Amino acid sequence: MSSDLAPRNTSSAPAPADDDNRYKAVQSKLHKLGKAMDDATLELEGLRRSMQANAKHTDGVATDIENADLDPKFVRLTANVATALIGAAREVRTLSDIAQETADLTHETRRTHSKLYGALDDIRSNRREKTPRPGFFNR
């Protein structure tokens with residue numbers, strides 16, 4: 001019943017939230033965010049399964065304690081831990097579902113961004129002359 005949870009890296013964000021709004025930078029940020037959310041979904045699912053296994057094991061321990069005629073207080077406490085683990089696993093499932101939804105929306109946003117601005121970026125990137133930035137003519 002040990003936990004293998006540990007921080008994997010020191011970076012708090014998969015991509016920096018800066019003011020670089022160039023097409024390729026936005027595509028890169030969306031790609032990194034989508035991948036990070038996909039990874040988080042997988043890790044959360046692993047955590048949920050581990051918590052469910054620990055809850056089942058803890059429930060078995062409560063039964064063993066009860067069969068050993070130990071103080072009923074310990075049976076109740078152990079059963080409460082099992083119940084808490086089941087509840088926590090349920091909440092981790094909700095979090096995993098939200099992470100998956102966020103990943104799906106991020107991938108959809110990346111595709112839409114590419115569809116809307118990809119051709120414009122190709123045109124601007126292949127010109128020798130500098131072109132005005134988006135919004136220049138909106139003055």
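Visitor: How much space lies in the second largest pocket?
Guide: This is a predicted model, and the lining of its second largest pocket is made up of 14 residues, with Asn21, Arg22, Tyr23, Arg124 and Pro134 nearest the centre. The space in this second largest pocket comes to about 470 Å³.

Visitor: Which element gives the most to the lining of the second largest pocket?
Guide: By class, that lining holds five nonpolar, three polar and six charged residues. Two or more lining residues are given by each of the elements α1 (23-67) and α2. With six residues, the element that gives the most to the lining is α2.

Visitor: Is His113 buried or exposed?
Guide: His113 is part of helix α2, which spans residues 72-125. Buried means a relative accessible area under 20%, and because the value for His113 is 15%, this residue is classed as buried.

Visitor: Which side chain does a polar contact of 2.7 Å join to that of His113?
Guide: Once neighbours within four places in sequence are left aside, His113 is in contact with Tyr23, Val26, Gln27, Leu30 and Gly118. The polar contact of 2.7 Å runs from the side chain of His113 to that of Gln27.

Definitions and conventions. Residues are numbered from 1 along each chain as its sequence is written. This is a predicted model: local features need pLDDT of at least 70, side-chain atom pairs count only at pLDDT 80 or more; totals for chains, interfaces and linings use all residues. Side-chain values use heavy atoms; hydrogens and water are left out. Helices (H or I, at least four residues) and strands (E, at least two) are DSSP runs, numbered from the N terminus. Buried means under 20% relative accessible area, exposed over 50%, partly exposed in between (1.4 Å probe, protein chains only). A polar contact is a pair of N or O atoms within 3.5 Å; within protein, one must be able to donate a hydrogen and the other to accept it, and residues adjacent in sequence count only if both atoms are side-chain atoms. Contact means heavy atoms within 4.5 Å. On a 1 Å grid over the protein atoms alone, a cavity is a set of points where a 1.4 Å probe fits but cannot get out, and a pocket is an open set with protein on both sides within 12 Å along at least five of seven lines; lining residues have an atom within 4 Å of a point. Grid points are joined across faces, edges and corners, and a volume is the space filled by probe spheres set on the points. Ala, Val, Leu, Ile, Met, Phe, Trp, Tyr, Cys and Pro count as nonpolar, Asp, Glu, Lys and Arg as charged, and the others, Gly among them, as polar.
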